[in-house]
Amino acid sequence: MIEALNSAARRVPGWAVYALGLVPLAWIVWLVLNGGIGVDPVKAIEHRLGKVALWFLVGGLAITPARRGLGLNLLRFRRAVGLLAFLYVALHLVAWFWLDMALLWAQAAGDLIKRPYLLMGITAFLLMIPLALTSNDASIRRLRASWRRLHWLVYPAVALGGLHYLWQMKVITAEGWIWAAVIAGLLVMRLPGVNRGVTRRVNRPRTG
Ligand code: HEM
């Protein structure tokens with residue numbers, strides 16, 4: 001089963017991941033143009049973009065554990081998934097600043113003070129900027145070991161993105177708890193001891 005998935009994944013061209021990743025954006029635009037976005041379009045656009053960002057962010061974080069734990073190799077899609085996450089977070093931020101804050105800095109500053117979870121979101125976004133800027137082959141070659149160190153920023157970025165999502169809820173729903181558990185689980189799996197344990201178990205030769 002996993003082998004079938006791996007061989008199917010090998011045949012998927014890189015551009016197809018970007019094309020697929022833009023489908024949610026096209027869907028939101030379509031809903032806006034056709035009046036299907038709901039009674040509060042600004043909130044709906046903000047929420048939809050935030051949710052897609054979270055999917056890509058968490059999806060990107062799941063790629064390495066899926067390889068180590070299940071043998072599912074989607075590593076070649078990691079850059080596309082990360083860049084799509086960045087794109088959706090950026091659009092989510094733009095939607096807030098443009099549609100909600102009417103591009104007014106003073107109003108935006110007031111909103112940040114009133115809703116501290118926005119600061120968490122912005123911090124997560126800021127942490128993602130160097131990751132997006134250095135995601136090209138030239139930067140990977142030039143930075144070498146520092147590139148790996150720099151890309152550790154993805155962990156606080158996901159944690160802050162997750163906290164931002166939970167905090168903006170008035171009451172944490174079942175869906176919120178599921179996201180929290182998945183994010184916490186994925187982060188725990190990256191702790192050095194746990195990480196080695198999972199890899200060792202999967203790579204252990206089969207007996208009998
Ligand atoms: C990694 C970064 C971020 C992630 C993963 C993220 C994700 C989310 C998610 C999933 C939601 C709720 C969607 C829903 O309930 O359907 C949300 C809400 C929201 N986010 Fe973000 N977000 C991030 C950064 C930001 C930034 C930078 C801003 C802008 C300052 C922002 C502003 C908002 C606003 C205004 C809401 C709606 C709150 C409300 O309705 O009261 N987010 N975000």
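Q: How do α7 and α10 pack, and at what angle?
A: This is a predicted model. In it, helix α7 (residues 117-133) packs with helix α10 (residues 154-167) at an angle of about 155°, and their axes are 8 Å apart.

Q: Roughly parallel or roughly antiparallel, then?
A: Angles over 145 degrees count as roughly antiparallel, so α7 and α10 are roughly antiparallel to each other.

Q: And which hand is the crossing?
A: α7 passes α10 in a left-handed crossing.

Q: Which residues make the contact?
A: From α7 they include Tyr117, Leu118, Met120, Gly121 and Leu131. From α10 they include Val154, Pro156, Leu160, His164 and Trp167.

Q: Take His164 in α10. Buried or exposed?
A: His164 counts as buried, because its relative accessibility is 14% and the cut-off for buried is under 20%.

Q: What does His164 touch?
A: Setting aside residues up to four places away in sequence, His164 touches His92, Tyr117, Leu118, Met120 and Gly121.

Q: What does its side chain reach on Tyr117?
A: The side chain of His164 reaches the backbone oxygen of Tyr117, at 2.7 Å.

Q: Switching topic. Where is Arg78?
A: Arg78 is in helix α5, which covers residues 78-100. Its relative accessible area is 38%, so Arg78 is partly exposed.

Q: Which residues is Arg78 in contact with?
A: Apart from neighbours within four places in sequence, Arg78 is in contact with Gly60, Ile63 and Thr64. With Thr64 there is a polar contact of 2.7 Å between the side chains.

Q: How far apart are Arg78 and Gly60?
A: Arg78 and Gly60 are 18 residues apart in sequence. In space they are 5.8 Å apart, C-alpha to C-alpha.

Q: Now the whole chain. How many helices and strands?
A: The protein chain has 12 helices and 0 strands.

Q: What does the C-alpha trace span?
A: Along its principal axes, the C-alpha trace of the protein chain spans about 65 × 40 × 35 Å.

Q: How much of the chain is buried?
A: Of its 208 residues, 35% count as buried.

Q: And what share of contacts comes from residues 24 or more positions apart?
A: Among contacts in the protein chain with a separation of 6 or more, such residues account for 66%.

Note on methods. Residues are numbered from 1 along each chain as its sequence is written. This is a predicted model: local features need pLDDT of at least 70, side-chain atom pairs count only at pLDDT 80 or more; totals for chains, interfaces and linings use all residues. Side-chain values use heavy atoms; hydrogens and water are left out. Axes are lines fitted to C-alpha atoms, for helices over the stretch in contact, and angles run from 0 to 180 degrees between N-to-C directions. Helices (H or I, at least four residues) and strands (E, at least two) are DSSP runs, numbered from the N terminus. Angles under 35 degrees count as roughly parallel, over 145 as roughly antiparallel, 65 to 115 as roughly perpendicular and the rest as oblique. A crossing is left-handed if the near helix is turned anticlockwise from the far one by less than a right angle, and right-handed if clockwise. Contact means heavy atoms within 4.5 Å. Buried means under 20% relative accessible area, exposed over 50%, partly exposed in between (1.4 Å probe, protein chains only). A polar contact is a pair of N or O atoms within 3.5 Å; within protein, one must be able to donate a hydrogen and the other to accept it, and residues adjacent in sequence count only if both atoms are side-chain atoms.
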